[in-house]
Amino acid sequence: MKNITYLLILLSCLLCSCKQFLDIDPPKSSLVQESVYQNDETATAAILGIYSSMAGNGYAGGGNNSITAIAGLSSDELTGFSTALQEFYTNQVSLTNGTLKSLYLGTYQNVFAANAILEGLSAKSGVTPPVKSQIEGEAHFVRAFIYFYLTNLFGNIPLQLTTDYRVTRLTPLSSTDKVYSQILTDLKTAEGLLTDVYPSTEKVRPNLSAVQALLARVYLYRKDWINAEKYAGMVIAKSGKYSLPALNDVFLKNSSEAIWQLFPTANANTREGGMFILTNTPINVTLEQSFATSGFESNDKRPINWIKSFSNTKGTWYHPFKYKVRSSTTVSEYSMVLRLAEQYLIRAEARAKQNDLDGSIADLDKIRGRAGLLLIRDLNPGINQTNLLKAILKERKTELFSEWGHRWLDLKRTDQASTVLAPIKMGWQDTDVFYPLPADEINRNPNLN
Amino acid sequence: MAMLCPILKVGAQYATKPQLKNQIITGKVISASSGETLSGVVIKINSINQSVTSIEGGLFILNLPKGKFILSAQYLGHKTRDVEIEVPLREALIITLNPENRNLQEVQINAGYYTVSERARTGNIQKITAATIEKQPISNPLQAMQNRVPGVQITQTTGVPGGGFNVQIRGRSSVNSQVGNDPLYIVDGVTFPSAKVSDSYFGNILGTTGASPLSMINPNDIESIEILKDADATAIYGSRGANGVILIKTKHGQSGKPQINASYTQSISKVASHIKLLNTEQYLEMRNEALKNDGKTPTSLDYDINGTWDQHKYMDWQKLLIGGTAATRNAALNFSGGSDNINYRLGGTYFKEGTVYPGDFSFNRFSLQSSLNFGSENKRLNVSFTTNYNHNSNNQIRTDLTTYITLAPNAPDPYDQYGKLNWAQNTVYRNPMSLLLAKNTINSDNLIGNIIVSYKVLPDLVFKTSAGYNLIKTNEFSKLPLAYISPAYSPTPADRTATFSNTDNHTWIAEPQLNYNKKLVYGNLVALIGMSFQENAVDLRSLQASNFTSDELLENIGAAGSLVNKLATYSQYRYIAAFARLNYSLRDKYYLNLTARRDGSSRFGSDKQFANFGAIGTAWIFSEEKFLKEKMSFLNFGKIRASYGVTGNDQIPDYGYLQLYNTSATYQGIPTIIPSSSNIGNPNFAWETNRKLEFALQLGLFDDRLSLEASWYRNRSGNQLIGDPLPLSTGSLTVRANRPALVQNTGWEFLTNVKILNGHDWRWSSGINLTIPKNKLIAYPDIEQSSDAKNFIIGQPISIYKVYNLRGVNSQTGLYDIEDHDGNGLLDDRDRYLHKFVGQYFYGGIQNSVSYKNFNLDFLLGFTKQNGYNYASSQSTPGLWSAIDYPTANQSIYVFDRWRKPGENATIQRFSTDDAFDSTYENARAYGGLNISDASYIRLKTIALSYSLSERWLSKVNIKRANLILSGQNLFTITNYKGLDPETQSMNTLPPLKTWALGLNVTF
């Protein structure tokens, strides 16, 4: 018996030391969180994974599940033809809407990926310092970019800053102010980490200018006119880098106007082109007819260059034609996320708000000039602040239509949503400015219901 | 033939010292049961280390000095007998040997890490021996267990050779369908994979479970299969024991004269069941009535009824596609023998099974088996070495043709007058015979090697270590030639595809153990401690090649215009454990068995890798008590046993605890990765635990003429690994976590055996086994929040199917009337408030064995009372047909009880081709329970008539034994099932086959 007791003790000791026996090789078909941030290549692949996913058929992809489509429908620029999108058009989005759920989940999946990158890089990481700063900067920027849209579409949202599901499953709602303050923190961090050199060829990964451009927009939305003017100015000042090309060249890949573009799915052009350009009776979205036919001033070249009609026996429809390629394996267009024209319009608005009307008119005329319109400087140099702001808002509508829901966000931030939409949308309610949080968010988080 | 010569055989190393006045003694060994002489009996005299073997006529010769000796006679299948003799002999020395195991209670049961006698076992272990397996014309060892073992539900998922089986011991215990509930298979001490080992393509034709790994093992090489069910038997397997353990032991050599055994079986098979489908007249009636109901006329695309196809032609697709006869050949040659210290068995088998499909397809298995046992002279060291090598080559079509038995009965002939595939002017989009060109070949090699070394350190203490290795390599090739695609699709060379897959599955295991056995004053103490180290690695690679210039080049990967990496996975699994057993028996009446195991598994995060499992088992042989022995003499054996313990289930995917990054679409041509959101990393999940309780009664009456075992069990599986629903903002829908959901399996198991006749000429024994299982979901926190809300109801079995309230066919509209329970105008998951049970109410088998002189008849009737999926589970609205999307639209005759005009009552709604009506039918069919009905059946699983040729006659031609066996499998089925086959329950998979076989078995 004694022997057995000794053996038992020996065996149990063996067992303790044999914990190492259970250390197994990582799966070769996928990577483990820890190993991703041990070298530059896989860490870079992780940040590229976010862009690749954004370019997919989701919130940022420009297709029929994207912010471009649904926010366009919620405002007064697009009309929907699919039943899935109808709730967005009538501003009666239900908690169980499938498109809403996938859009919401898609954004937070990318937030998760960005958080994972930030956690991975802050732990002991084998990534070389310059690449580390670059990726860290991009992750902060992407997180800010997503939260900007989340809070503008949904209002108060859970602010998720970690990947630990035990924490994130209980996160309470954060107010818009709190979300914005996080956005600014992220963008300021990114500003310190990124440079004006794009990390890869082309402009498909954000650089310092992209951070500044988003900062300008955020300050504009926060009514911080001084900073909005300052940051838009920083981007505009880089005239060697960014300029306003002819209308039909704006959305080409690497156009001189682009600050940040998304590289489309391999061997394809943009989803915007695929969705908008009609070759048959529409099934997704078209432009609101009234906007397409009477929303522009008479000399405006944009309806000629950026809008097209399609007719068959069943009718005539108008569709955005900013992207000219519906489908081709020769890739000539990338999906535009941030471009210079918006910066001019931001600075015009910020200057007008600060009563720098001449400066504002100069910026606005940059956009009008390219569109072939008469300049305010010549047409109405004595325009007052109110009318100038109206003109800017109109210009934003005609310049930025069918891009990233600019119109929907503009109507809301200028408190004009109800005034503009109530007459044309049946059953409009003031609360419709925000989409509801999906049922699977509210019901599953005890701190939300 | 030297071994046949009557030479005195002396234990090689023990030549006796020449002594003076030795006497030559001759003796004879005979069998006590038959009176026949026995050759090959080993007769040992321990005192002088001498041993001889009896030769023909049972004779043996000893050379002994004067004095007293104890002869020990040992013979396979017989009890060892010690005889005292005194030299010189006064009378003829005749030793009679009694056949072993005449007493049921002395049968030795293999419990994996130890063996235990039937009498002393405290757990629930059932045994199936080679004698049972050999009589059945089967290709997979799992078939041998069907309907024979209570508590074990084995369902064949397809009749295709090498196809899958579902095996469940005492019911399903996991609510998450991703968590496996397969038993643990151990072949010669080495774990054998239960999951499919091939690529998913084979899953198409080999059933949902894919190729069954056990089909690689030749059933005739198996000596015994032991099934471990309760906590007492399975707790020593710890985390892997929750779903029961199946131990397979291959044949070993026996000491004795070398013998050669040859066997050959030839069998033919056809599908065991058919379904009555509409003939041309009925089919056209259905289609025309459907169009009339819809107010439509046939379109130019309605080839079946618009006159394009012959309106009078009838093709029985069932007969053409699956009505063939499959021929099977099985040949085996074995060589075995040995002396006192060494024995061996070498064997080879060739097996070829054809298919019932047209064309030349077959499953081939070639296997070699060897086993060697060596014992040292002093009996302290014992080494046993087993290797099995199996080569399987399964050559099949990619798609099960059974899917196409429902083609329109007037569809054109598959071949035209020139013998070419007939696409009938492009009106045929799917010609089933074209599928014969889409071949799938799987070659697999399986090597199982195991070595066991045991050494008696002290008289009571044995050190033993076993080490094993199992390798399964599969190589799969599947092709889609251009000729296979209808010209109506205008195929291009890009459509020619071929898939090349390779899988390597390695397992090694090492298990050192110490065994201690001590006789105490009042009882016996057995202690066992040991450790287990195991590793399994699976590497799977699959390439898809396309764009070939010719169908002939499909097998040449180099000729492919494009290559895509279809799948590449690698996973590793390691496992470590310490186990112990302590068994104490008191006066051979009271037994206590304690087992424990501490397990570590790499499938869990570092804090959750280890867990403890254990069980307590007790038995009381009350028939040994004096008061019973005297008063109830008819009771020769009575035992009550009980066990309780905890086992675990770790059948979850590897690496589940890690946050993994999967490759995602390239960005700017650069590969990218993204965190897996479907599997958010959770380092905190652990085993599912299964608490098992069992009570059982075992009786032997009238000298075991009647034996009975009744068991009641209750298994409660908690700590369920299920998807814990997460709010979307976590970036994932669920996280895999242990939840306090609880699934309970309870049941009664009965096993009886009666020896009705036990005479010299006539023998008849009959056995019945019965299982009454009951499954119940006891708890599931927050079920409403989870996606499982539409699958389960607390308090009901987990195999229920939630359905709408289907209120029959509305006699006015002719459509199914489905209740909108919540009245929201929509039929959605919340309206499925009723449920139907899918599963077994009870099942079992009735077994009979009758012998008269040299004839023996065995048969097994299997019965199952159950609800299952019927014909409607795969067929759409009766009346619908589409050349492209739904050419397989023929229906079973059951649909003829349909509504035709207002006021009519019917069970089937109006025939229609309309989508709106179709959705009503779909709702009724898929969610209204129309697809679920009684699937009970009685099936003659096995019948075998064997004849043993007279040994007297055989001995003249130097043959020891010869048997002729005529056997059948699945010969008839009695059922009211509405569908193709109540076992497979599918219209798309080949039913099990019925087989007739003739075999000859000769031993030289």
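How many residues of domain 1 of chain A are in contact with residues of domain 2 of chain A? In this predicted model, 28 residues of domain 1 of chain A are in contact with 28 residues of domain 2 of chain A, where contact means that C-beta atoms, placed from the backbone, lie within 7 Å. Local features need pLDDT of at least 70 and side-chain atom pairs count only at pLDDT 80 or more, whereas totals for chains, interfaces and linings use all residues. Residues are numbered from 1 along each chain as its sequence is written, and chains are lettered from A in the order in which they are written.

**Domains**
- Chain A is divided into domain 1 (1–194) and domain 2 (221–417), with bounds from an automatic or database domain assignment.
- The centres of these two domains of chain A, taken over C-alpha atoms, are separated by 30 Å.
- On the side of domain 1 of chain A that touches domain 2 of chain A, the largest share, 7 residues, comes from α4(A), helices being DSSP runs (H or I, at least four residues) numbered from the N terminus.

**Helix α18**
- Just after α18(A), A:S402 takes a positive phi of about 55°.

Terms used
Helix = DSSP H or I, 4+ residues; strand = E, 2+ residues; numbered from the N terminus. Contact = placed C-beta atoms within 7 Å.
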